[in-house]
Amino acid sequence: WTCFATVAVPSEWMTLEGHDAAELIDIFLASNVVSCFLFTDIAARLGLKKVVTGAATMMAGGCLLRSGIPFVEPAIEVMPGYGWEVAGTILVGMAQPFFQCTPPLLSATWFGSSERALATATAINFNQVGIATAFIVGGLMANSPEGMHAYFDVLACVSIAAAAATALLFRDRPETPPSASAAA
């Protein structure tokens, strides 16, 4: 949802920031690809909880850099500069693969062999729900400079709440492994 925040209403982004929305998408995708190459080694070294919690924190930090201080008025005067938008987009891009690439590991750890395919498919396909949300919510909210900032505020608040919930609730593995292979 966060990575495509500027795409739903590109003309508003151009008005607000003076840059093509596609620039941020390119920056996001370049950061994303770099991070994808690093995912396996980092996940093997740190474990599932640290990787997912760290990525959630990076995502929240990136959203805060892109939003500025959420819901401060007047909204248009506190939007961060384009450099902050770029820095936030890089953080978001670096965090994203740690959500996109974890479903097979998550499924192998938390689900029995007969449940893994469905769990993996559900988690992977939820990425598409996020993209659709960006277009629907962004299209509804981001139709003015004030609306764009409010939209970025919502993204920041949701990502902060998700990061806090992840830090408090996410565990590396279940107390009782669902199968012998998950226990290994």
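Predicted model: local features only at pLDDT ≥ 70, side-chain atom pairs only at ≥ 80, totals over all residues.
**Exercise 1. Serine 35**

*Solution.* Step 2: a residue is buried if its relative accessible area is under 20%. Step 3: the residue belongs to helix H2, which spans residues 21–46. Step 4: leaving aside residues up to four places away in sequence, serine 35 is in contact with Gly93, Met94, Pro97 and Phe98.

**Exercise 2. The aromatic pair of tyrosine 151 and phenylalanine 152**

Classify the geometry of the aromatic pair formed by tyrosine 151 and phenylalanine 152, and state why each residue counts as buried.

*Solution.* Step 2: a pair of aromatic rings is described by the distance of the centres and the angle of the planes. Step 5: tyrosine 151 counts as buried because its relative accessibility is 0%. Phenylalanine 152 counts as buried because its relative accessibility is 1%.

**Exercise 3. The packing of H6 and H7**

Describe how helix H6 packs with helix H7, giving the angle, the axis separation and the residues in contact.

*Solution.* Step 1: H6 covers residues 103–110 and H7 covers residues 116–141. Step 2: the two helices pack at an angle of about 145°, and their axes are 9 Å apart. Step 3: the crossing of H6 with H7 is right-handed. Step 4: H6 contributes Pro103, Pro104, Ser107 and Ala108 to the contact, while H7 contributes Arg116, Ala119, Thr120, Ala123 and Ile124. Step 5: sorted by class, this contact of H6 with H7 comprises six nonpolar residues, two polar residues and one charged residue.

**Exercise 4. The chain as a whole**

Summarise the secondary structure, burial, contacts and surface of the protein chain.

*Solution.* Step 1: the protein chain has nine helices and zero strands, giving the pattern α-α-α-α-α-α-α-α-α along the sequence. Step 2: of its 184 residues, 40% count as buried. Step 3: among contacts between residues at least 6 apart in sequence, 76% link residues at least 24 apart. Step 4: the accessible surface of the protein chain is about 9300 Å², with 69% belonging to carbon and sulfur atoms.

How values were computed: Residues numbered from 1 in each chain as written. Heavy atoms only, no water. Axes fitted to C-alpha atoms, helices over the stretch in contact; angles between N-to-C directions. Helix = DSSP H or I, 4+ residues; strand = E, 2+ residues; numbered from the N terminus. Left-handed = near helix turned anticlockwise from the far one by under 90°. Contact = heavy atoms within 4.5 Å. Nonpolar A, V, L, I, M, F, W, Y, C, P; charged D, E, K, R; others polar. Phe/Tyr/Trp six-rings, centres within 6.5 Å; stacked < 30°, edge-to-face > 60°. Buried < 20%, exposed > 50% of the residue type's maximum accessible area, 1.4 Å probe, protein only. Areas by Shrake-Rupley, 256 points an atom, 1.4 Å probe, with all protein chains shown as cover.
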